[in-house]
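I set out to record, entry by entry, what I looked up in this structure. Each entry takes one topic and keeps to what I found there.

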Amino acid sequence: PTVSSIALGPVTCSEKVFLADIKHLSGWKQWKIASSKSLKKVLNDIKELSSYLELWQHDIHSIEGKFGTGIQSYFLFLRFLVRLNFIIFILMFGFVTLPSILSKYGILNNSFAKIPLKNIEPHCTVYIPSDNKGLVYFYTYLKDLLSGTGFLEVTSLFYGYYTVDTEWLSVLRYNLPLAYLLATFGYLALSLLWIIIGSVEGFKQNLVHGEDQFQSYCNKVFAGWDFCITDLNAARLKHRSLQYELQTDLEEERLKRKIADRTMKEKLRIYSWRILINIIVIAVLSGCFYSIYRATVFSQESSNDFQPNLIVQYLPSIVITLVNFIAPQIFSFLVRLEDYSPAFEIRLKLIRCVFMRLAGIGVLLFSLWSQISYCATDKCKACGYNYELYPCWESEVGQEMYKLMIFDFITILAMTLFVDFPRKLLVTHWSCKPVQWCGLQEFGISDNVLDIIYGQTICWIGTFFSPLLPAIATIKYFIIFYIKKISLIHTCKPAARPVRASSSNFFFLLVLLIGLVFAFIPLGISIAHIPSSKACGPFRNFNTSWAVVPETVLGLPTGLQQVLHGIASEAFAVPFFVVVCLLMFYFIALARAHKRVVEQLREQLVMVRFDPLFCTPEVFFVVSVIRHAEE
């Protein structure tokens with residue numbers, strides 16, 4: 001039995017030692033221990049009260065009881081992204097959008113960015129947004145709403161709206177270009193920090209569940225029940241949650257035994273089959289990339305030759321959406337033939353689909369940058385980018401990211417309304433054998449997680465070009481929560497092979513971290529390499545967006561400039577990197593030593609179980625250490 005299960009029974013030898021030690025303490029130490037316990041109780045009560053105010057707490061607990069912790073992990077992940085996007089929106093709105101709006105309405109004294117004509121050709125500064133004039137049909141408004149053009153192009157949603165250079169509030173100077181760039185770095189750093197913190201918690205849970213299956217089983221059977229539960233519905237939910245956890249343990253043990261009993265002939269057959277399937281996967285990925293590339297090139301060429309219709313204009317987004325819908329279905333079918341465990345199936349499918357989706361975004365952005373950077377005339381080379389097709393290329397990229405996010409939401413909504421619900425009706429009211437063979441739709445954890453990771457990567461990339469995109473992402477994920485909840489309860493069935501939540505949570509955040517690292521690449525190229533638009537945006541005075549940083553540093557005192565230059569030099573970077581590596585190796589060695597100590601302590605606990613005479617103050621110390629580690 002574990003420490004938790006020992007605590008539920010009668011007074012153990014360790015507790016006897018603890019009570020005996022308390023009697024010999026001084027009055028001050030006894031008061032200190034009592035105060036510490038009271039404070040801990042108050043903090044636990046506050047934490048319990050705050051849990052009632054937490055977003056979707058009741059809904060997520062209900063989903064856990066009815067469908068298990070594996071599906072619950074998806075909704076927890078969705079709540080995590082809602083919080084993250086809301087914080088990013090507050091950051092961008094507070095430091096970028098709000099100052100610009102206040103300046104537009106004359107609340108703050110401000111100066112607009114003026115381009116010196118001696119440094120740039122006048123034709124580079126011409127930008128006429130595609131705002132609709134005169135009588136406008138409802139279809140035009142709907143098209144603008146879906147594509148981000150027309151009336152939306154001149155709003156604070158896109159980069160071109162932010163033309164303020166400097167704002168003054170009394171004697172305080174607010175540098176909007178610098179604030180815009182720092183806010184971008186800020187939301188990326190915040191996302192990275194938040195993901196790392198969540199990954200550490202998930203990694204701890206993963207280690208606990210991966211220590212010993214027998215110990216995990218004992219924890220669930222003897223110490224898994226919460227005796228503070230008094231509500232009947234809460235008791236049913238807890239009972240179902242433990243049932244799903246035990247089913248997951250049994251399924252994992254069955255698969256381990258099946259793998260151990262394989263003959264050499266079966267292993268060769270499975271490995272050969274997996275090699276063939278991976279070749280098919282590579283072929284599918286190649287076809288997806290080529291389709292996206294051809295669609296993007298055709299759309300760009302058509303835009304150069306004539307005024308494209310709606311289908312041609314949105315062709316890249318349509319092709320990417322179709323690829324994102326079809327390819328995961330193929331991967332889902334193929335991964336079942338490879339005979340992996342449920343948890344590994346989700347991971348493998350996620351890796352394949354994430355690579356496909358992120359590479360699709362990369363192909364789209366590469367095609368756009370090729371068109372933006374292409375200059376065939378001297379007038380174009382004077383601007384540094386294709387000013388004729390893209391006078392405000394940042395807004396154009398923002399519109400593409402906006403369209404991808406809107407199309408992604410429409411796809412999720414359409415799949416629920418026009419696929420899942422009709423399938424439910426057919427299976428329920430039609431006894432045809434093919435329909436009954438298809439059965440109800442299983443709630444695919446990997447597919448749904450992939451959708452929101454893909455959308456979040458778009459949000460990270462597009463926030464620089466569309467500062468209010470995190471607000472749209474927050475609303476989108478908020479609505480998706482209820483769409484998926486209704487679909488799960490009314491149209492889906494639980495997965496035939498249960499999945500453990502502890503490993504899923506950690507892996508979801510790891511894949512999300514891959515999406516964030518991928519977002520660094522296009523943002524870095526756009527900020528540091530591609531010339532900024534000279535006709536719109538806060539960086540019109542600079543060759544690139546990054547150029548605002550050196551100019552700001554030059555305006556600082558000489559001593560501070562030398563400090564910053566020293567930090568950015570190789571003389572500081574190399575020793576800093578060496579120190580970081582040494583610290584990393586030290587903590588890795590420390591973690592391994594702690595792991596060995598914990599294993600020794602567990603062995604001593606086993607001795608306590610079989611030999612009551614082993615009860616000594618040292619054993620009490622062992623119990624206390626392990627109890628602290630489990631907490």
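**Entry 1: the whole chain.** Before counting, I noted that helices, of at least four residues, and strands, of at least two, are DSSP runs numbered from the N terminus. The model I am reading is predicted. I then found that the chain holds 23 helices and five strands. The chain has 631 residues, and 42% of them count as buried. I also looked at contacts between residues at least 6 apart in sequence, and 76% of these join residues at least 24 apart.

**Entry 2: the entry to H4.** I looked up Trp56 and placed it in the loop between helix H3 (27-53) and H4. Is Trp56 buried or exposed? Its relative accessible area is 6%, and the cut-off for buried is under 20%, so Trp56 is buried. I recalled that most residues other than glycine have a negative phi. Trp56 is not a glycine, yet its phi is positive, at about 60°.

**Entry 3: helix H4 itself.** I asked how many of the eleven residues of H4 are buried. The count is eight, so H4 is largely enclosed by the rest of the structure. I listed the buried residues as Gln57, Asp59, Ile60, Ser62, Ile63, Glu64, Gly65 and Phe67. After H4 comes Gly68, which has a positive phi near 95°.

**Entry 4: H4 against H18.** I noted that two packed helices are described by the angle between their axes and the distance between the axes. For helix H4 (residues 57-67) and helix H18 (residues 469-490), the axes come within 12 Å and cross at roughly 30°. Angles under 35 degrees count as roughly parallel, which means that H4 is roughly parallel to H18. I recorded the crossing of H4 and H18 as left-handed. From H4, the residues Asp59, Ile60, Ile63 and Phe67 take part, and they meet Phe481, Tyr482, Lys485, Leu488 and Ile489 of H18. Sorted by class, this contact of H4 with H18 has seven nonpolar residues, two charged residues and no polar ones.

**Entry 5: Phe75 and the core.** I turned to the largest nonpolar core, which has 110 residues. Which residues have the most contacts inside it? They are Phe75, Phe77, Trp460 and Leu512. Helix H13 (residues 342-373) gives the most to this core, with 13 residues.

**Entry 6: H12 against H15.** Helix H12 (residues 315-336) and helix H15 (residues 393-429) pack at about 45°, with axes 10 Å apart. This angle makes H12 oblique to H15. The crossing of H12 and H15 is right-handed. On the H12 side I noted Ser317, Ile318, Ile320, Thr321 and Phe325, which meet Glu400, Lys403, Leu404, Phe407, Thr411 and Met415 in H15. The contact of H12 with H15 divides into six nonpolar, three polar and two charged residues.

**Entry 7: Pro129.** My last entry concerns a loop residue. Pro129 lies between strand S1 (109-112) and helix H6 (138-147). Its relative accessibility is 27%, so Pro129 counts as partly exposed. Pro129 and Thr149 are 20 residues apart in sequence and, C-alpha to C-alpha, 8.5 Å apart in space. Apart from its neighbours within four places in sequence, Pro129 is in contact with Glu153 and Val154.

Terms used. Residues numbered from 1 in each chain as written. Predicted model: local features only at pLDDT ≥ 70, side-chain atom pairs only at ≥ 80, totals over all residues. Heavy atoms only, no water. Axes fitted to C-alpha atoms, helices over the stretch in contact; angles between N-to-C directions. Parallel < 35°, antiparallel > 145°, perpendicular 65-115°, else oblique. Left-handed = near helix turned anticlockwise from the far one by under 90°. Contact = heavy atoms within 4.5 Å. Nonpolar A, V, L, I, M, F, W, Y, C, P; charged D, E, K, R; others polar. Core = buried A, V, L, I, M, F, W, Y, C linked by side-chain atoms within 4.5 Å. Buried < 20%, exposed > 50% of the residue type's maximum accessible area, 1.4 Å probe, protein only.
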